[in-house]
Each structure stands twice: as C-alpha cells, then as structure tokens.
Amino acid sequence: MKPITAAVITLGCRLNQADSALLNDRLIRLGFQIVSPDASSSPNLILVNSCTVTETAYKKSKQALRSIRAENPQSFIVFTGCAADVSKDELEQNQDIDLVLTNEQKKDIETILPQYLALLEKRDVPAAPKLAKGIFAEQAQGVFPFRSRAFIKVQEGCNNSCSYCIVPTARGPERSRDLKEITAEFRKAVDDGFHEIVLTGVNTCHYKAGKVGMPELIDRLCEIPGDFRIRLSSTEPCDELFPIVDAMKRNAAKVCEFLHLPLQSGCDRILKAMNRHCGTAKFAEYAAYAREAIPNLHLGTDIIVGFPGETDADFAESLKFLRKTDFANIHVFPYSPRSGTPAADMSDKVQKTVVADRIEQLKALKEECAQKFAKSLVGTTGAVLIETNCNKKELWDGWSGNYVRTIVSSESDIARKLLRVKFLRFLPVGALFAEIINEPG
Ligand code: SF4
C-alpha cells in the first residue's frame with residue numbers, strides 16, 4: 001500500500017524548528033511517512049509552520065505559501081504557527097490554505113487532522129497528564145528528518161511587553177515544558193545520533209519546572225551519557241543569566257561557548273521606549289561576566305534599526321556601544337510595525353532611506369566583528385559539527401561550538417560527525433580552516 005506522506009515546512013525561529021520536530025512526531029503517530037518538502041512527488045499533507053515576528057516575516061510566510069501551493073496543487077495544506085495566531089481570520093479566507101491551526105492547536109493535530117483527511121483509521125489519543133501550573137507537556141517527541149542538529153523546545157511564551165513585539169500575543173504567557181518530556185526527547189536525540197542539541201523557547205532563561213531552573217536543567221542533561229554538545233538559544237538578557245553562565249562553565253565540555261543576547265538598541269533612551277527590561281549598563285555586566293567565565297565565547301545580539309523616534313544621535317550612541325561590546329555576530333533588523341503593539345501607534349517614524357543607511361553601517365560593523373572574532377580563534381582548539389561536503393571532494397563544511405563556519409579536509413565521509421579540531425587560518429570566504437585532531441575510524 002502506498003504510504004500517506006507529509007512534509008513540514010518551517011519558517012522563522014529556532015522555537016518553530018523545535019515545534020516542527022514535535023509536529024513530525026505527531027504526524028508519524030498518525031501514520032504519515034515524513035518526506036522532504038522537495039520530494040519528487042507532492043506529499044499528501046503539507047504543514048506550513050509560519051512566523052510573524054516582523055511584517056516582513058509574515059509577508060515571507062505568505063509568499064512561501066503561494067509557491068508551495070503552486071508546486072503542490074493536490075496537497076492538503078495546513079497553515080499554523082505565529083502568523084496563524086495573529087492573522088487567523090485573514091488566513092481563513094486564503095484559497096491556498098485548506099486548514100488554519102493556531103499555535104495552541106498544534107498539540108491537537110492528532111484529533112483534528114483525521115476529521116479533515118479521512119485518510120486514517122480511528123485511534124486513541126492519550127489523555128493529557130495533570131501538570132503543575134506553568135508547566136506544559138507536548139505528548140510528542142521531536143523528529144528531525146534531514147537535519148544535522150536537533151531542536152528541543154523547553155519553554156514557551158513571554159511575560160514581557162516590549163513595545164514592538166507581537167510574540168506575547170502569538171505565544172501567550174511564560175510556561176515551561178515538563179522535565180520528564182524534555183529528558184526523554186533529549187535521550188532520544190542522543191540515541192538517534194545527534195551530536196548537537198539546541199535548547200529553545202521564547203526565553204529559555206526563565207525555564208522553571210518546580211525546583212529545576214535552566215542551570216539545573218543544563219546539569220541534568222549533561223549527565224546523560226553520549227557524544228553530544230548542547231547549544232543554548234533564545235536567551236534574553238536578565239539576572240537568571242548569572243547562574244546559567246555558571247552552569248555553562250561547569251559543563252564546559254558539553255555546552256557550546258555560545259550566548260545570543262538580544263540587546264535591540266545600544267541607546268538607553270530607545271531601550272526605554274521599547275520597554276526593554278535591560279539597559280546598556282546591565283547588558284555590559286552580563287557580557288563581562290559571561291566572557292570572564294567562558295573562554296572564546298561567541299557573544300551575539302539582535303539590533304532593531306529605525307525604531308520610532310530613533311535620532312541620528314541615538315543611533316550614534318547605539319553604534320558606539322556595539323563597537324565597545326565587540327560582539328561575535330550582530331543580527332540586524334529594520335523596525336517593522338506590528339499592528340496591535342504600542343510601537344505601531346508611535347509617531348515619529350524614521351524615514352526608509354535613513355533606516356537603509358543605518359542598516360548598511362551596522363552590516364559593515366557586523367562583518368568587521370565577525371572577522372575579528374573568527375581570527376581570534378586561530379591557534380585554539382574546539383569542536384566542529386560537520387554538515388556538508390563543499391563540492392570539492394575532500395573539503396567539508398561545519399560549525400564550531402562558538403558558531404564560526406569551519407572548513408576541514410578529510411577523505412572519509414565525515415558528514416554529521418562532531419570532531420575536535422585546531423583552527424589554523426582565516427579564509428577569504430569568511431570561514432576558518434581547521435585541521436582535524438581526532439579523525440573518526
Ligand atoms: S522579551 Fe520582548 S522581544 Fe522577546 S518575546 Fe518577550 S516581548 Fe518579545
């Protein structure tokens with residue numbers, strides 16, 4: 001009998017990738033065979049896990065949907081994710097979509113889908129366990145076909161109210177995932193041979209399941225036997241970082257030297273207008289503490305350019321702080337008004353040409369910082385997760401724990417291997433060239 005096939009297409013953040021992995025598991029339990037979205041024949045079902053963090057992200061989600069529908073006229077298309085939460089009514093009118101599901105309904109696809117598809121036998125879905133307030137369970141385990149790293153969702157939602165952000169509306173208040181579920185999913189990822197496991201959420205620093213916060217979670221996961229490393233993602237600058245950094249330090253052999261702390265602006269006046277909880281002085285304290293504890297730390301950040309009222313002087317102040325902080329990477333985003341947020345109603349919009357000019361300046365700084373950081377690693381050793389072969393037979397492409405693209409030479413097939421290397425030189429393509437210290441047998 002021909003298998004019923006499904007493909008999950010993920011747009012947006014690492015949390016969405018973790019959600020997609022859980023969706024894969026639920027679909028497998030429903031009897032689907034997971035196929036690549038570009039499989040030669042169209043899948044029976046395509047699930048688009050969308051993003052709406054910016055207006056541009058929402059437009060991209062809709063553009064992606066149009067081409068998915070054009071290439072797969074016969075497939076049943078389910079549209080879910082943050083865009084589905086925020087713009088449900090509009091999307092329900094979209095002819096390319098067969099079914100819109102909110103973020104919360106993702107958990108219920110095992111009961112919802114059979115009603116629509118008539119493809120499956122009736123089956124029992126286990127009842128949800130009773131959990132303490134603020135704890136949630138997914139009752140699914142991430143499945144990551146076609147990927148070299150696994151993404152595990154540990155936390156959901158946000159209690160902050162940054163004035164530009166739609167995420168609290170799309171994902172609701174903070175809650176933490178059941179510890180047993182996380183541990184089981186983590187063990188499975190290790191058993192399945194994943195050498196890098198990314199812990200993700202909206203703000204993983206606020207993970208709290210009973211007495212277990214993020215530092216204790218890191219300790220517990222690092223005790224699991226196996227050849228893996230943990231990458232912590234979705235960390236907001238907050239005081240919980242101090243014990244988290246301590247946990248990263250005591251588990252240095254297993255946790256990537258990587259911390260991405262969204263600053264959003266290096267100007268305190270703008271941070272206040274953004275209703276951010278962390279000003280530049282506090283941010284500098286977190287950065288110094290983390291750098292002191294973790295050698296060769298990749299400290300990255302996000303910056304929004306052109307927030308309403310951002311003057312030339314504000315931008316210059318921001319640029320000065322960014323230079324001083326010496327990030328390994330800066331993700332630069334133009335401010336994008338999201339309807340329903342306080343910032344969308346603020347006057348004093350910054351002209352598009354001014355925003356474009358500021359973005360160019362920040363991109364130049366980003367390039368400079370990334371090169372400086374990569375060059376600082378030459379002569380050091382580290383671990384690289386190999387992803388692909390670089391077309392030239394013996395060269396392989398991967399990522400170091402401190403998230404620098406690294407190229408190594410090997411005649412064996414080393415795809416998806418975690419290798420210890422020594423970084424030898426910086427290459428004009430913007431990557432490091434490294435020699436393998438432990439070639440796999
Ligand atoms: S911390 Fe601020 S930017 Fe981050 S998700 Fe919460 S409200 Fe949005």
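A residue is called buried if 20 or more other C-beta atoms lie within 10 Å of its own, exposed if 12 or fewer, and partly exposed in between, with C-beta atoms placed from the backbone. The structure is a predicted model, in which local features need pLDDT of at least 70, side-chain atom pairs count only at pLDDT 80 or more, and totals for chains, interfaces and linings use all residues. Residues are numbered from 1 along each chain as its sequence is written. Helices (H or I, at least four residues) and strands (E, at least two) are DSSP runs, numbered from the N terminus.

**View 1. Tyr 403 in the loop between strands E18 and E19**. Strand E18 covers 395-400 and strand E19 covers 405-409. Tyr 403 counts as partly exposed because 19 C-beta neighbours lie inside 10 Å. Its phi is near 55°, a positive value in a residue other than glycine.

**View 2. Arg 416 in the loop between E19 and strand E20**. Strand E20 spans 418-426. Arg 416 is not a glycine, yet it has a positive phi of about 70°. With 17 other C-beta atoms within 10 Å, Arg 416 is partly exposed.

**View 3. Residues around the ligand.** The shell consists of Cys 158, Asn 160, Ser 161, Cys 162, Cys 165, Val 167, Pro 168, Val 202, Asn 203 and Glu 236. A residue is near a molecule or strand if its C-beta atom, placed from the backbone, lies within 6 Å of it. By class, six residues of the shell are nonpolar, three polar and one charged. Here Ala, Val, Leu, Ile, Met, Phe, Trp, Tyr, Cys and Pro count as nonpolar, Asp, Glu, Lys and Arg as charged, and the others, Gly among them, as polar.

**View 4. Gln 74 in the loop between helix H2 and strand E4**. Helix H2 runs over 55-71 and strand E4 over 76-81. Gln 74 counts as exposed because it has 8 C-beta neighbours inside 10 Å. Gln 74 and Pro 168 are 94 residues apart along the chain, and 35 Å separate their C-alpha atoms.

**View 5. Helices H9 and H11.** The axes of H9 (residues 241-250) and H11 (residues 280-293) come within 10 Å and cross at roughly 15°. H9 is therefore roughly parallel to H11. Axes are lines fitted to C-alpha atoms, for helices over the stretch in contact, and angles run from 0 to 180 degrees between N-to-C directions. Angles under 35 degrees count as roughly parallel, over 145 as roughly antiparallel, 65 to 115 as roughly perpendicular and the rest as oblique.
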